[in-house]
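Please keep the sequence and the structure in view while reading.

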Amino acid sequence: MNSKVKSKKMIVSIFIFFIVALFVAFFVFNSNTLASDEVFNDIDFKSEHVNVDGYKLDHETEELFVKLKLSEEDKTAILEAFKNSKFEISSSSDSYADGNYFINISLNKLYELELNPTQKKLIFVYEDDNDSDHIYYKFSNDSGLFELLETITKESLNQ
């Protein structure tokens, strides 16, 4: 009788472990969070030919578009922020206000991006940059990108 009880306890333990493993797997594989390499089509962050430039749409200055004056460190920091960012697909029913930042990233190809810091949204100007048909992405973790862009904008205005 003692061996029957041990056998039942083992079966119940294995069953509970199996249920917990399925539960964990379900949440891991059904996560809505996307990494940057899942959002950018064919991106190669290790490309030898790197360039980053951009503008901020600023209604408070004389110039409507403020060119971002980017140092090499700024360019590297922007690329790292994009590389480490996490995204979610934004619902098409969400309202979208025009972006304040227009960033061009040239790596293995050119990515033209529109960013809205208020809504923390990203849209690709050309849909073949990510096979999206203009899907909007919401940053779930921007890795400090918008703070960096705001700092660069202030420095660009003061120069």
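Is the crossing of α3 and α4 left-handed or right-handed? In this model, which is predicted, the crossing of these two helices, α3 and α4, is left-handed. Helix α3 covers residues 72-84 and helix α4 covers residues 145-158, and the two pack with their axes 9 Å apart and at an angle of about 160 degrees. Because an angle over 145 degrees counts as roughly antiparallel, α3 is described as roughly antiparallel to α4.

## The chain as a whole

The chain contains 4 helices and 8 strands, and, read from the N terminus on, its elements follow the order α-β-α-β-β-α-β-β-β-β-β-α. Of the 159 residues in the chain, 33% are buried.

How much of the contact in the chain comes from residues 24 or more positions apart? Among the contacts with a separation of 6 or more, such residues account for 61%.

## Aromatic pairs

A pair of aromatic rings is described by two values, the distance of the centres and the angle of the planes. A search of the whole structure finds 10 aromatic pairs, and one of them is formed by F40 and F82, whose arrangement is edge-to-face, with 5.8 Å from centre to centre and 85 degrees between the planes. This pair links distant parts of the chain, since F40 sits in the loop between α2 (36-39) and β2 (51-57) while F82 belongs to helix α3, and the two are 42 residues apart. F40 counts as buried because its relative accessibility is 2%, and F82 is likewise buried, with a relative accessible area of 0%.

A further pair is made by F87 and Y137, whose ring centres are 6.4 Å apart and whose planes stand at 80 degrees, so this pair is also edge-to-face. It too links distant parts of the chain, with F87 in strand β4 (residues 86-89) and Y137 in strand β8 (residues 137-141), 50 residues apart. Both F87 and Y137 are buried. Which residues do ring pairs link into a cluster? The cluster consists of F40, F82, F87, Y111, F124, Y137, F139 and F146.

## A buried leucine and a partly exposed lysine

L122 has its place in strand β7 (residues 121-124), and it counts as buried because its relative accessibility is 0%. When residues up to four places away in sequence are left aside, L122 touches V39, F87, L113, E114, L115, I135, Y136, Y137 and F139. The C-alpha atoms of L122 and S90 are separated by 9.4 Å, although the two residues are 32 residues apart along the chain.

K69 is found in the loop between β3 (65-67) and α3. Is K69 buried or partly exposed? With a relative accessibility of 41%, K69 counts as partly exposed. From C-alpha to C-alpha, K69 and G54 are 8.3 Å apart in space, and they are 15 residues apart in sequence.

## Two residues with positive phi

K120, which lies in the loop between β6 (110-116) and β7, has a phi near 55 degrees, a positive value in a residue other than glycine. K120 is partly exposed, and its relative accessible area is 28%.

Where does S143 lie? S143 is placed in the loop between β8 and α4, and its phi is near 50 degrees, again a positive value in a residue other than glycine. With a relative accessible area of 31%, S143 is partly exposed.

Notes. Residues numbered from 1 in each chain as written. Predicted model: local features only at pLDDT ≥ 70, side-chain atom pairs only at ≥ 80, totals over all residues. Heavy atoms only, no water. Axes fitted to C-alpha atoms, helices over the stretch in contact; angles between N-to-C directions. Parallel < 35°, antiparallel > 145°, perpendicular 65-115°, else oblique. Left-handed = near helix turned anticlockwise from the far one by under 90°. Phe/Tyr/Trp six-rings, centres within 6.5 Å; stacked < 30°, edge-to-face > 60°. Buried < 20%, exposed > 50% of the residue type's maximum accessible area, 1.4 Å probe, protein only. Contact = heavy atoms within 4.5 Å.
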